[in-house]
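What can be read from the coordinates?

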Amino acid sequence: MGDQTLAKRQAAFLRSVLDESAPLPEGWGNSQTVGMSVYRGNYRSALVGALESTFERTARYVGEGPFKQVSAHHAIAHPPSGWTIEEAGAGFDATCAELFANNPEVAELAWLEWAMLKVSRAPDIQPFGATEFGEATAEFGDKDWMGLKLEFQPRAEAREVKANLSGLWSALEEGADGDRPASLLDQPKGCIVSREGELPTFQMVTPEAAHAFDAMQKGAAYGEAIMLLAGENPDAEKIQQAAVQAGGMLGEWLNEGLIVGVRA
Amino acid sequence: MEHQHSIAPFGGIGLGLRRTHYEDFLETDVPVDFVEVISENYMIEGGKQLRILEEVRAKHPVILHGVSMSIGSAGGLDSDHLGKLKLLEQRIDPLWVSDHLCWTRTSAHNSHDLLPMPLTEEALSAVCANIDHAQNALGRAMLFENPSSYLTFPEDEMSEWEFLSEMTRRTGCYLLLDVNNIYVSARNHGFSADDYLAGLPLDRVRQIHLAGHDPATKERPVIIDTHDRAVVDGVWDLYAKAIAMLPQPVATMIERDEDIPPLPELLTELDRARGIANEAMVPA
């Protein structure tokens with residue numbers, strides 16, 4: 001695969017682009033040094049620009065200076081490897097969690113923006129309607145229900161959050177000039193990111209619903225989701241309550257168009 | 001060179017499709033002969049952006065112009081990138097597919113910048129092997145664009161136009177001539193833009209790019225290709241020379257990626273290109 005000498009030259013060149021303290025290749029003079037400074041500047045500004053574009057609300061929330069700092073830190077700690085520059089945003093929420101350790105809302109806002117971007121480019125799949133769901137499960141017995149697996153919209157995801165994401169999302173919209181709402185919720189909630197038609201959206205739900213959605217999105221069966229909702233060492237009554245709760249969530253997910261298929 | 005496809009000349013004036021102008025292209029009849037899009041922006045699985053491209057494609061011929069093929073990478077092409085480009089190509093049925101004579105990545109990292117090739121026989125061999133791979137995978141000949149560059153290498157063995165000429169001869173690929181890039185690199189490296197044009201196989205040119213650039217300063221003695229302002233007179237003059245030398249009609253367009261003005265402003269700038277192209281086609 002290619003010539004080793006060219007490969008070595010390219011590796012050395014890219015090391016110099018990524019790391020300003022890396023020595024320049026042997027034999028380089030002033031003109032190459034000047035040129036390299038342009039490539040270094042291009043690399044950094046392209047990455048910071050891509051992160052600003054993907055995480056525009058996070059950038060508005062923390063302010064231009066701190067955002068440039070966290071972007072530069074992310075670019076140095078996690079130089080991109082994928083062919084699309086947007087992939088540079090992978091793990092940016094973790095970088096925010098590290099650098100804004102006392103402000104968990106920053107990382108959660110970044111997580112939300114990244115999830116919204118991913119779901120916006122997901123395959124276009126028609127949601128499963130209530131009629132189709134009814135037909136697919138018409139012959140189900142108890143065992144079939146417990147083993148039921150749901151296929152959700154591709155790239156839809158859910159997690160528990162502490163941040164007031166719905167309030168922050170509106171307040172940080174481009175051009176919004178109202179007062180900032182409280183950053184954190186009194187009690188944790190859940191957040192499900194999905195698509196409504198071709199537009200990305202999110203909804204705040206209970207933490208339990210987010211956990212159940214996340215588990216089933218990752219392959220858990222309906223019965224396992226019920227047991228997750230029932231908590232540790234549940235008695236029969238708690239399991240019954242969890243089954244009712246799961247049934248309610250299933251109805252909501254169907255109504256919201258989150259389900260695109262079922263597997264027994 | 002297994003593929004047998006040639007690219008017929010297409011004369012016309014077009015524009016790079018940018019998000020700022022989506023509404024104009026969807027809701028009005030924009031007077032352009034084609035649009036060019038950045039391939040990677042649409043190498044996605046679904047969603048609004050892809051639907052918009054399909055709607056624009058229904059109204060205009062589309063050119064897919066890539067920035068991430070990394071045709072000069074010693075480590076070869078990225079099969080995931082190539083596969084997704086092929087899917088997009090099948091979906092859009094473009095006039096043609098292009099990318100840049102440059103490299104962007106190693107096996108470890110991606111710079112997301114168009115990095116310069118050493119102009120050596122060794123690099124030429126690597127580029128040609130990659131072009132063969134890409135053209136065979138896509139089942140069509142491609143265009144490659146001459147880059148702007150900010151440094152040359154001590155080990156260079158040939159000029160850029162010699163490199164491009166040999167590249168087209170060995171692979172059957174075509175050229176996307178970026179006139180602004182010739183202007184920028186000529187001034188950065190001290191060669192003659194006229195020599196550059198005279199040294200190219202001009203019958204292989206199918207498209208021309210025009211763009212603005214950031215002039216050199218005392219502190220930064222190189223011109224930078226920025227696509228953030230109007231085309232300068234020197235580039236227009238070079239465009240007029242180039243288009244008068246070409247033996248076939250070509251597709252000409254303006255690239256604007258930053259500080260993008262309203263569409264009417266760009267269309268006025270395009271009129272200047274149209275006027276120059278029309279003048280060049282008038283028999284002497």
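Predicted model: local features only at pLDDT ≥ 70, side-chain atom pairs only at ≥ 80, totals over all residues.

Student: How much area is buried between chain B and chain A?
Tutor: The contact involves 48 residues of chain B and 39 residues of chain A. Carbon and sulfur atoms give 61% of the buried area. The total is about 3600 Å².

Student: Which residues of chain B lose the most area to chain A?
Tutor: Three residues together account for 17% of what the chain B side buries. They are B:Ala74, B:His112 and B:Glu122.

Student: Which element of chain B gives the most to the side that touches chain A?
Tutor: Several elements of chain B supply at least two residues each, among them helix 2 (48–59) and helix 4 (121–138). The top contributor gives six residues. That element is strand 6 of chain B.

Student: How many salt bridges are counted between chain B and chain A?
Tutor: Polar contacts link 19 residue pairs, both partners at pLDDT 80 or more. One salt bridge joins the side chains of B:Arg51 and A:Glu198, at 2.3 Å from N to O. The salt-bridge count is four.

Student: Why is one side of strand 2 and of strand 4 in chain A left without a neighbour in the sheet?
Tutor: Three strands of chain A form an open antiparallel sheet, in the order 2-3-4. Strand 2 (157–163) and strand 4 (199–205) each have a single partner strand, so one side of each is left without a neighbour, and both stand at the edges.

Student: Which helix of chain A packs on the sheet?
Tutor: This helix touches strand 2, strand 3 and strand 4 of chain A. Its direction makes about 150 degrees with that of strand 2. The answer is helix 10.

Note on methods:
Residues numbered from 1 in each chain as written. Chains lettered and ligands numbered in written order. Heavy atoms only, no water. Contact = heavy atoms within 4.5 Å. Buried area = accessible area lost by both parts, 1.4 Å probe. Polar contact = N/O pair within 3.5 Å; in protein donor to acceptor, adjacent residues only side chain to side chain. Helix = DSSP H or I, 4+ residues; strand = E, 2+ residues; numbered from the N terminus. Pairing = 2+ DSSP bridges. Axes fitted to C-alpha atoms, helices over the stretch in contact; angles between N-to-C directions.
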